[in-house]
Amino acid sequence: MVIGQRIPKLDAPDKATGRTVYGHDVKLPGMLHGRILYSQYASAKIKRVDVSRALKLPGVKAILTAADNPPTKFGYGKDNTPIKGDVVRSFRDEVAAVAAVDADTAAEALDLIEIEYEPLTPLFDVRQAMKDSAPLIHPERKSNLFQKYKYSHGDIVEGERESDVVVEADFELPYVAHAAMETSVVIASFDHRDHLTLYSTTQIPFLLQRDLAEALGIEGNDIRIIQTAIGGAFGRGLDIYPYEPIAALLARKAGKPVRISFSRHEEFLAAPMRQPALIHARAGAKRDGKITFRDAYALLDVGAYISWGSVTPLVMMETTASLYRVPHVKFEADCVYTNNLITGAVRGYGNPQSTFYTETLMERLAVALNMDPVDFRLRNANIPNEEMPQGLIITSCGLKECIEAVAARADVGSQRSEVGSQKDSRISNQKSEINNQKLKRGIGFASTLNVGGGARIYKSDGCGATVKVDDFGHVSLITGSTEIGQGSETILAQIVAEVLGVKVEDINVLNSDTDVKPWDVGVHASRTTFIAGNAAHIAAMDARKQLFETASELLKAEPESLVTRDGKIFVNDSDRSADLAKVARSRHYREGGKVILGEGWYDPPTKMVDKDTYKGNISATYGFGTQMAEVEVDTETGKVRVLRLVCANDVGRAINPMAVEGQIEGGAQMGLGYALTEELIVKEGRVMNPDFLDYRLFTSADMPQIESIIIETDDPQGPFGAKGVGEMGGTPTAAAIANAIHDATGVWLTQLPMTPERVLRALEEAKK
Amino acid sequence: MKPFDYFSPKTLSEASEVLSKYNDDARMIAGGTDLLLKMKAGRLAPKAIINIKRIPDLRGLTFNSHLTLGALTTLEEIKQSPIIRQYYPALSSAAATMASVQIRNLATVGGNMCNAAPSADLAPILIALNATAVINGAKGERRVLLEEFFTAPGKSVLGVGELLISLEVPKQEGKSIYLKHSPREHMDIAVVGVGIACRGFNPLTQVRIILGAVAPIPLRAKKAEEEVMGGSLTKERIERAAKIAAEEARPIDDVRGSVWYRRKIVEVMVKRGLTGLVNGN
């Protein structure tokens, strides 16, 4: 049995020893280096562009200006162009680009480009941008409000009437960067037919073909995308961004391949960010501990051009409406243009934001009811086999088990008598004033709901796969899905190995070339194990059927009596067997021979949400998780140390427990950063901390002990019972920590990250 | 990065000569952990880079009547040195708070001083320990108290053609401590750093309290020192001194912390530092 084994990632040794080829390593013959010039203003008219001095610099091969733009606009909002022409709308706006023989020459050329601006009044505040009197970021749109979302079920007025307690708060959430180890990189190359090959770290190779075709004014059929090894993505590669068509346009103009690789500074400026959010949210509950209603409004900054920051409300509303069983829910969101940076999605796609307000309000309700927070959550937990008012069909569901597993490790429940009250919690009573410093300890809980069986945000949520068995028993899985460090190559290889009865290391996974691999939507929504896993399973079963067809002739046995094991095909309950290699050869070396090529396509039985009500079963199954944070707060400096983070996740079935733990721990690392240290400080449209000195990730030395608990619920539709886990590791962490800080100090934090200064301010406010 | 001339002198005089020739347009490189970042970011484009790692006079960590730290002594050497751990434990622990093992193996004490960042961790503790900077130039050697070495962010008393040779730290007869506050536990720079060295106990006969990252240069909190000198050192006096130090600080608002917060932290760190020295931990 390969399923359920702790198998180290197959691609890890090459990565750890520097053998892996990343986009930054790719060198094509004659390749030039591209650099982009960004705007000096957040909002301005461009009066004049003069590239004549830059063109004279030896080594400069091509300069791109807005005059080189194809006529069509691109992007989800159809509001973007590769180079900006008449107007710039943010500091990340591309105003020119250079291709030169080396990167330093290209950088020098940028300094020689003269651009004359006429500054306009910029809009940085979403509330200002919403006003009728606000200047329009895109005048052709008539409003800065790009999209409004309105969701409801039940009757919020009725919900409030039934409530014995009501809590509410305002929340302020920051920009967060993906901070992938590898910065954005792209190489564009045209062949003699004028067909484009793009070496890219995209997460959506097939959709990017379409988007790029539109941006470049060529046919999608003329574009091949080769994904180099991806050094972290986390949602960065879910959309087209201007540097991609810019690389292609430079390559065409120079007649040479062009690589654009971002500096870290550039990455912090021009890559999409996790969306900042201003949220007002309320919730109510009855004395018996049943939630009555939830009501939230989110004001969201999409930046100057539309990317996935405009779609995050779909996920926010799912948490608001369906995490726990809530009879009455209202959720509204406004997605607004400003002169700020483009916002997108970072691991969780709106869920880290919504889980923060949802789960801190849960804690407030428990406190208001004077009820144990674990008990309160259990009373409202989602249950298996229930259709939610939002239309989500919950099948397997281990939320109750997650809460209980975490609570058991926290050694709480009946012992925590004065949870969250203004008095110290039981833990902090024992340990306050440690080492003569004013340290207080507390614990907090938070849960999460996340799609675990794909997410139908496009008409198809499908993925294709083929499994090929050749001479020597060589097995290749060619999958539409993409490895972005999450471990999909290993998981998918395990699924195929299980079906074909071969060793996992004997499977080669090919997943990087649109000319080779079958179609797929992309790597997002924690969908790969479930969707690509099911597709790989179907393809492997098909290949096995073909193997059995030939083996039954060789072994003179019915195909139904055959099994795979140890690289061989056995007649059941006997030692009669044939090697996979022999079966493959026999199929090849004969008159009327055939290849062994299993084919799989999986598109889950789900629906897109209704465009007016936003209701519908978007995913084939849902993942759940709960975290418990134990913190120590230095009440004199405001510094919060997380001592323990206990994470339980319902993953259906762990195909590879080691990989699941990796996802939980990696998610926790990002969740801890979101909670305590990570914030891209944007003042008047400008990034104030575009480096790792002042953009603080949790380093390995900072990580607390992470205790992973895997809950298995055997999902009826998942491959071998598995469902997705990729994003939920980080979504509840900030709320668990905020709740723990409250437990320790009696203070509620509503702004992330909870920096020492913010915590100290909150403590001082509370003293007044 | 812009092109530059590169020199690798083997003697002090050769180095001085190149430095003088390029006037202000040459930069010395040892670990390069500050310099290269600035160059890569385009904030600095020197015409010449002078590798000083081959100059023997800049090496060495010796201890006899005092401690001599050659300018090339790495932060990791300071952290690990048994001599420093025994006789100047606060200096070792200050180095331990800095960067990562990889960076500490490259970065040097000379670089940390000459880069003259207001947040440099070794500055407050070395000034508290009353270190002297030994400087070499065309006119020979001169000595400057480290307390008087820094003049502005990124600036020191080093003139054209001069380089820092070593730091001399007197033998300590009392106790010392370095406390650092940063939002993240590891690999972070100080929002506030406090170095304190004292002699005597109840009464304190000598005390030096140096604040880092809360003024353009490391700041000596002289009024706070006066508050705790002589007489019986009570909790109340320590708290008063801490408040005074917070008032003496001249911090700015930036992305790392507000004026309000930095003063708060100065107060807490000075209080904890003095309390720690008194309590012997």
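Buried area is the accessible area (1.4 Å probe) that two parts lose on being put together, summed over both.

## Basis

This is a predicted model, in which local features need pLDDT of at least 70 and side-chain atom pairs count only at pLDDT 80 or more, while totals for chains, interfaces and linings use all residues. Residues are numbered from 1 along each chain as its sequence is written, chains are lettered from A in the order in which they are written, and side-chain values use heavy atoms, with hydrogens and water left out.

## Domains 2 and 3 of chain A

An automatic or database domain assignment gives chain A domain 2 (277-454 + 610-767) and domain 3 (462-602), among others. The C-alpha centres of domain 2 and domain 3 of chain A are 39 Å apart. In contact (heavy atoms within 4.5 Å) are 22 residues from domain 2 of chain A and 17 residues from domain 3 of chain A.

Between domain 2 and domain 3 of chain A about 1,300 Å² is buried, with 66% from carbon and sulfur atoms. On the domain 2 side, I655(A), P719(A) and F720(A) lose the most area to domain 3 of chain A, together 38% of what that side buries.

## Chains A and B

Chain A and chain B each place 25 residues in contact with the other. The area buried between chain A and chain B is about 2,300 Å², and carbon and sulfur atoms give 52% of it.

Nine salt bridges are counted between chain A and chain B. One of them joins E764(A) and K264(B), whose closest N and O atoms are 3.2 Å apart.

Notes. A salt bridge is a side-chain nitrogen of Lys or Arg within 4 Å of a carboxyl oxygen of Asp or Glu.
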